Amino acid sequence: MEVLKKEDVLRVIEGKGAAKRIPLLYDIWIYDNVFENDAGKRNAWLEQYPCDVDEVFLQMPGMTEGPKEDPDFYWAAPGKHSLEGRGLDAQCLIEDWEDAGEFYDTFPDPKSPALILGKKEKDGRYLLGRWWYCFFERLWSLRGMENALTDFYLYPEEIHRLFTRLTDFYMRIMERTKEELDVDGFFVSDDIGTQTAPFFSLDIFREFFKPYYKKLIDKAHELGTHFWLHSCGNIELFLPDLIEIGLDVIHPIQKNTMNEQEIAEKFGGQICILAGVDVQYLMAFGSAEEVKEEIAFLMKAYGRRDGRLMMTMGNGSTSDWKIQNLKALYEASLYPVIEGSGKE
């Protein structure tokens, strides 16, 4: 089936009308691990189906060492080169804020050649530039989760200092990416919700996150692009504020953390929803028929005549995903049978 053009996706995101079918971005989250870690098998299988958005993954700095293209492109201050023996959320590159001077003195350079690897040829599709770990995820990766959750109360000035530097860094990256690749949107991750509620209060969000997200969103719009946010967990509390500051696309409205129909009724006309298919149960343990039922449910819940809906996975694949479920996913998405959709 023919892929959608950039103009189709632009119209859907901006609520200016649905395309001839819902834009599909499943391949972004389908990794080699589903195909015995064979990239060739993965690519050959996916060639059967359309992907309506192209992407380039921006290479962010390493934690304690840089990539081969720029060995100095990493976050740690010089001399801190081991995080072995610690869990992912317990790693700490800034042990004490009083000693953060060296970290800022050697802050990664957004002009690094490692950021953008090669020229991306545009093929008529919407082109997305994406990076993972924005503000909260970058904070806990530098300070460890326990410190990150208490720093808002104990060291608020340091949070603002860090987020200001990160914002400046990200905005320069966005400018470079637009200049060099002419992207149409930016997609970042920041998991600010748990399975049952946000990580922090609305007051904390409004003081420490909202102003910096707004700067990135404003920069994206200044560049003539969209801003997309991936955030797992229940983030319903933050959605009105994210919409207020102009967020264009939200992903994934995670299954079993929020009520899809309620989210669609409250916010469906104000923001484009990149609906994420459940990955915690469905793709590995569900049946092909359950997959088809879920696709029909999501399309009915979120479908609108003005667009505002795209489809993808809720998160990345694991090796236990069933191929028959992937087949069912695409078949149900490309040839939907839906009753009662088409809300204004």
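D109 and K111 make one through their side chains, at 3.4 Å from N to O.

Hello everyone, and a quick word on the model before we go on. It is a predicted one: local features need pLDDT of at least 70, side-chain atom pairs count only at pLDDT 80 or more, and totals for chains, interfaces and linings use all residues. Residues are numbered from 1 along each chain as its sequence is written, and side-chain values use heavy atoms, with hydrogens and water left out.

Back to our pair. I'll call a residue buried under 20% relative accessible area, exposed over 50%, and partly exposed in between, using a 1.4 Å probe and protein chains only. D109 is partly exposed at 34% relative accessibility, while K111 is exposed at 56%. Another pair is E14 and K16, whose side chains meet in a salt bridge at 3.0 Å, N to O. There, E14 is partly exposed at 32% and K16 is exposed at 62%. How many salt bridges does the structure hold? The count is 30. Some join up: K6, K122, K178, D182 and D184 are linked in a network.

Now please look at helix α7, residues 202–222. Helices here are DSSP runs of H or I with at least four residues, strands are runs of E with at least two, and both are numbered from the N terminus. E222 and K219 both lie in α7, 3 residues apart, about one turn of the helix. Their side chains form a salt bridge at 3.1 Å, N to O.

Where does α7 bend? A kink of about 45 degrees lies at F209, shortly before the proline P211; the bend is the angle between axes fitted to the seven residues ending at a residue and the seven starting there. After the helix comes G224, with a positive phi near 80 degrees.

S189 is buried, with a relative accessible area of 3%. Leaving aside residues up to four places away in sequence, S189 touches W131, W132, Y133, C134, E137, L229 and H230, where a contact means heavy atoms within 4.5 Å.

On the surface, Y153, L154 and Y155 form a nonpolar patch with about 370 Å² of accessible area together. Y155 sits in the loop between α5 and α6 and is partly exposed at 37%. For a nonpolar patch, I take residues with over 30% relative accessible area and no salt bridge, with side chains of Val, Leu, Ile, Met, Phe, Trp or Tyr joined within 5 Å. The areas come from the Shrake-Rupley method with a 1.4 Å probe.

Finally, the record. An unreviewed UniProt entry lists residues 143–332 as "domain: Uroporphyrinogen decarboxylase (URO-D)", and such annotations may be inferred rather than shown by experiment. Over that range the chain is 53% helix and 13% strand, with the end C-alpha atoms 43 Å apart.

Terms used: A salt bridge is a side-chain nitrogen of Lys or Arg within 4 Å of a carboxyl oxygen of Asp or Glu. Patches are made of residues with over 30% relative accessible area and no salt bridge: like charges are joined within 9 Å, nonpolar side chains (Val, Leu, Ile, Met, Phe, Trp, Tyr) within 5 Å.
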